[in-house]
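Hi,

Here is the structure I promised to pass on to you. Have a look around in the viewer first, then read my notes below.

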Amino acid sequence: MLDVKDYAELALKESIKECDQAEVLTLTTIRRRLLLEDNKVNYVEFSKNSRIRVMVIRDKKIGVVSQSGLSKPNVYETISRALELMRNSEPDPDFETLISPMKLSEVGAYFDKNILELSDEELIDRGTDVIKVVESKNGIITQGELELSTSTLCLLNSEGVNVCGQRTNIVYNFTLMASEDTNTSEGFLMRGYTFLEDAKLESDIEWMLDLTRRTTKVKKVKGGLLDVVLGPDALYELLRYTLPYALNGDHARKHRSPFTGRLNSQIFSENLTIIDDGTLPKGYATFPCDGEGHPMRRKTVVDRGILKTFLLDHYTAVKVGVESTGNAGTNRPFPSISPTNLIIAHGNKSIEELIGEIDKGLYIPRIPPAMVNPLTGQFSVELRQAFRIERGEIGEAVRWGMLSDNVYGMLNRIISISRTSTKIYNFIVPAISISNTKIEA
Amino acid sequence: MELEFIENLIDKYSSEVDFIDVRINKTSGMILGTENGKLKRVQSIAVEGLGIRILKNGCWGIGATDVLDRPLIENAFKRALSMVSALTKRAPAEVKLSEEKAYRDFCEYKVRIPFEDISLEEKKKLILSIDIDMRKVDPRIIGSYVNYVEAINEKVYLNSEGANIIQKIPSIFLIFRAIAREGVNLQAYFDVVGGHYGYEKVREADITRIATKTAEKAIEMLRAEALKGGEMTVIMDSRVSGTFAHEVFGHAAEADNVLRAKSFLYGLVGKKIGSEEVSIIDDATIPQAHGSYFYDDEGVPAQRKILLDKGILKGYMHSRETAAEMNVNSTGNGRAQGYDRRIYVRMSNTFIAQGDWSFEEMVEDVKHGIYVEGVSGGMEDPIGGGFQVNALRARLIEKGEFTKLLKAVSISGRALEILNNIDAVGKELLLEPGTCGKGYAGDTVPVTTGGPPVRVKKMLVGLAR
């Protein structure tokens with residue numbers, strides 16, 4: 001039986017016969033998932049999925065086909081269709097070449113054998129342990145998932161790139177409900193890690209349940225311009241789509257980034273430093289190379305508010321005459337750019353000190369998905385879990401209003417940043433306090 | 001496909017368990033994309049896989065494979081069985097299924113122009129001409145993008161009760177997107193055309209007009225103003241009213257949310273919860289609408305359901321699982337994103353029923369309010385009954401007249417208050433393709449978003465800075 005690497009090698013060998021250059025990605029993912037509903041585990045899932053993607057290039061004409069299922073017939077069908085699409089495509093004048101092999105980075109760990117070896121029974125026990133914690137505190141997991149996955153991928157190209165590796169992930173999402181008298185509130189927790197030991201399931205869920213319980217009885221928020229403290233989860237919601245968009249070098253080149261032409265100038269508050277690090281030990285996006293085989297790197301993207309670099313793949317880097325930053329994604333065709341592990345550098349104060357600095361404002365630990373316009377940074381999002389701050393102290397829970405501002409503008413009004421950070425998928429985010437934030441009510 | 005082999009496996013393992021079903025999905029399609037007047041993407045996609053669902057002692061076990069050969073299919077059966085056996089020993093649950101008729105059927109949406117009858121060359125020419133139409137509108141259009149997607153989805157459903165259903169569903173989409181820039185001011189607009197049609201859908205649509213309008217709206221947004229938010233009268237266009245019906249009401253009317261007390265509609269069947277102006281329907285039988293199907297993913301026929309009738313809540317949407325718990329029949333709303341995903345209660349085409357107001361009549365009564373157009377996203381809160389929709393743009397209405405163009409806004413409020421504050425529903429019904437998420441990553445299904453324009457006396461409006 002052929003493995004992931006065998007299929008990739010076969011696909012590359014066959015496809016290069018009829019084109020100038022070729023790139024093949026093969027991937028298998030074994031996934032086990034528990035679904036929790038109403039404080040019960042009533043659903044267990046096992047799946048093995050695989051995929052092949054073939055990109056062929058001749059005279060700058062590019063054909064790409066992605067197909068599920070790794071089998072010999074699928075490999076040949078994928079190549080045949082990719083070649084047909086290549087013949088029918090228009091030349092891409094911006095395409096120069098696929099990259100040649102480079103010395104890969106020494107990166108931190110990205111594979112945890114404990115995830116692979118955890119038995120079905122132990123996985124189910126993890127789920128039931130979480131339920132016990134929630135039940136002991138009179139909460140309900142209305143819906144939740146706990147997923148372990150192991151992926152094996154191989155990236156080969158006709159210039160000699162040949163990288164294979166195994167990655168692991170543990171992901172959990174929980175929607176919790178807490179009631180007090182006749183009032184109910186809903187909380188939501190999402191986390192993704194590479195190592196089992198990083199997943200602090202019980203303590204994470206206790207924290208979210210406590211937060212949910214404290215927001216069952218709410219007062220109507222008063223509107224105005226207020227200083228706010230955003231918890232890591234709230235900050236993550238605001239940044240998860242905006243920063244990858246705004247820092248994307250292709251968007252900058254095509255004048256679609258709000259920071260086009262602002263390289264080496266002050267774009268954010270001098271309190272803010274942002275690092276992209278594909279080598280981070282146990283990072284969610286850590287791997288020896290990016291999506292086209294370029295070594296992963298650690299680089300400061302924003303240094304004390306000054307934009308130092310955009311994120312680039314090789315395709316875009318050639319166009320702008322610099323080196324790739326190792327941020328090629330796995331989508332094709334090019335350009336394909338994505339951040340790796342995006343670190344918002346921490347500050348030197350506790351969250352309590354951030355709150356203590358505010359005379360009148362809001363502490364917002366979490367917001368619903370914010371749907372920020374990445375072009376402009378504008379957004380309005382309903383306040384669902386927020387607390388009044390008065391004279392440096394957290395007061396009553398508030399709701400029925402909207403946080404309505406501009407993300408990029410807010411990052412210019414940072415007061416302080418916490419010294420502790422939270423890992424949420426590929427983001428590492430602290431809490432931050434921001435002045436004069438608009439609250440509609 | 002190996003249907004006989006799979007039916008034999010269902011028979012073989014049925015004696016050990018309470019219920020088995022198998023879903024097989026095979027999707028093949030093509031994506032073409034332009035960027036700034038050039039063809040940037042010619043991509044083919046093929047996805048195939050099989051998922052087995054085994055119910056044993058009240059617990060579900062799922063096994064899935066994307067290589068459909070006999071040893072791997074049987075291995076997926078065995079893996080589903082071993083997983084569910086481990087679960088029933090450690091954490092028994094109480095899942096049951098409603099009694100439903102088992103159908104044997106083959107259904108397909110007939111298309112007038114099959115995708116394969118049109119050459120790749122013609123499809124490329126089409127999207128390039130649309131892209132160029134958008135760019136011609138104004139030099140300030142700095143980004144123009146057109147995506148063409150065609151796909152055939154073949155779905156097979158088999159179960160241990162004898163069901164054997166094959167559905168063949170085509171889909172086609174054209175997505176238009178324009179970005180305008182003036183100095184540091186960047187604005188975008190998009191539009192979409194599509195549904196379960198063949199190529200005739202794009203031949204018959206007024207593509208040039210849609211392209212031009214998309215670009216014009218992006219340009220117009222460069223002069224949009226930001227006004228102070230607050231409570232005011234809101235007229236929602238068809239897309240926003242559709243998102244409202246879907247996000248604020250539809251999710252709360254999904255019986256799994258109701259059963260988990262995760263819905264503000266819990267216990268309200270038969271009660272008047274909204275204005276007499278408003279009725280809300282979920283209809284999976286609208287021919288070729290994007291949320292339509294013949295059978296749901298549990299083999300139950302698609303149905304039309306009046307959920308809210310002149311303000312009175314009539315019932316909820318059900319899968320077989322929730323129907324058994326509430327001692328009713330499934331409404332044919334058990335749907336999953338793919339062969340290996342959980343079946344939840346999901347909407348199909350959910351919309352507010354048409355009223356008898358003309359658009360002009362709705363506007364002329366408004367002293368101070370806004371007309372909100374297009375949707376960039378929505379978020380439900382079925383527990384608290386909260387609601388938020390982000391509109392692409394808005395127009396200020398003063399003394400019955402449109403005055404200023406406004407930047408993107410968010411409207412939010414409490415569902416029951418909004419349902420009671422609807423005082424006018426328009427005559428025109430527009431349904432457009434969309435997707436709906438539920439559960440977690442990957443759990444999206446095709447739906448439509450749309451309806452008639454709807455006027456709400458008072459809503460909270462947030463305007464970004």
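Let's start with two helices, one from each chain: H4(A) and H2(B) are oblique to each other, because their axes cross at roughly 45°. Before you go further, keep in mind that this is a predicted model.

**The rest of the contact between the chains**

How many residues of chain A are in contact with chain B? There are 63 of them, and they touch 65 residues of chain B. Strand E2 of chain A (residues 40–58) gives the largest share of chain A's side, with 11 residues. On that side you'll find 19 nonpolar, 25 polar and 19 charged residues.

The chains also pair through strands. Strand E3 of chain A (residues 61–68) runs parallel to strand E2 of chain B (residues 38–56), and 4 bridges link the two. If you want one bridge to zoom in on, take A:Val65, whose partner in E2(B) is B:Ser44.

**Back to H4(A), now inside its own chain**

H4(A) also packs against helix H5 of chain A (residues 201–214): their axes come within 10 Å and cross at roughly 30°. This crossing, too, is right-handed. On H4(A) the residues involved are A:Arg126, A:Asp129, A:Val130, A:Val133 and A:Val134, and they meet A:Leu201, A:Glu202, A:Ile205, A:Glu206 and A:Leu209 of H5(A). The class count here is 6 nonpolar, no polar and 4 charged residues.

**And H2(B) inside its own chain**

What does H2(B) pack with at an angle of about 30°? That is helix H1 of chain B (residues 3–14), with the two axes 11 Å apart. Angles under 35 degrees count as roughly parallel, so H1(B) is roughly parallel to H2(B). H1(B) passes H2(B) in a right-handed crossing. B:Phe5, B:Ile6, B:Leu9 and B:Tyr13 come from H1(B), while H2(B) brings B:Arg70, B:Ile73, B:Glu74, B:Phe77 and B:Leu81.

**Domains of chain A**

Chain A is assigned a domain 1 (4–212) and a domain 2 (218–441). Their C-alpha centres lie 24 Å apart. Across the boundary, 33 residues of domain 1 are in contact with 30 residues of domain 2. On the domain 1 side, the elements giving two or more residues are E2, E3, E4 (140–157), E5 (162–180) and E6 (183–193) of chain A. E6(A) has the largest share, 5 residues. That side of domain 1 has 19 nonpolar, 7 polar and 7 charged residues.

**Domains of chain B**

Chain B is likewise divided, into domain 1 (3–223) and domain 2 (230–463). How many Å separate the C-alpha centres of these two domains? The value is 22 Å. Here 33 residues of domain 1 touch 24 residues of domain 2. Strands that each supply at least two residues of the domain 1 side include E1 (19–35), E2 and E7 (185–195) of chain B. By class, the domain 1 side splits into 19 nonpolar, 9 polar and 5 charged residues.

**A sheet in chain B**

One last stop: an open sheet of 4 strands in chain B, in the order E11-E10-E9-E14, with antiparallel pairing. Which strands sit at the edges? They are E11 (312–313) and E14 (350–352) of chain B, each of which pairs on one side only. E9 (residues 280–283) and E10 (residues 304–309) of chain B run antiparallel and are joined by 4 bridges. In one of the bridges, B:Ile281 has B:Ile306 in E10(B) as its partner. Helix H6 of chain B (residues 238–250) packs on this sheet and touches E9, E10 and E14 of chain B. The direction of H6(B) makes about 110° with that of E14(B).

Conventions: Residues are numbered from 1 along each chain as its sequence is written. Chains are lettered from A and ligands numbered from 1 in the order in which they are written. This is a predicted model: local features need pLDDT of at least 70, side-chain atom pairs count only at pLDDT 80 or more; totals for chains, interfaces and linings use all residues. Two residues are in contact if their C-beta atoms, placed from the backbone, lie within 7 Å. Ala, Val, Leu, Ile, Met, Phe, Trp, Tyr, Cys and Pro count as nonpolar, Asp, Glu, Lys and Arg as charged, and the others, Gly among them, as polar. Two strands pair if DSSP finds at least two bridges between them. Domain bounds come from an automatic or database domain assignment. Axes are lines fitted to C-alpha atoms, for helices over the stretch in contact, and angles run from 0 to 180 degrees between N-to-C directions. Angles under 35 degrees count as roughly parallel, over 145 as roughly antiparallel, 65 to 115 as roughly perpendicular and the rest as oblique. A crossing is left-handed if the near helix is turned anticlockwise from the far one by less than a right angle, and right-handed if clockwise.
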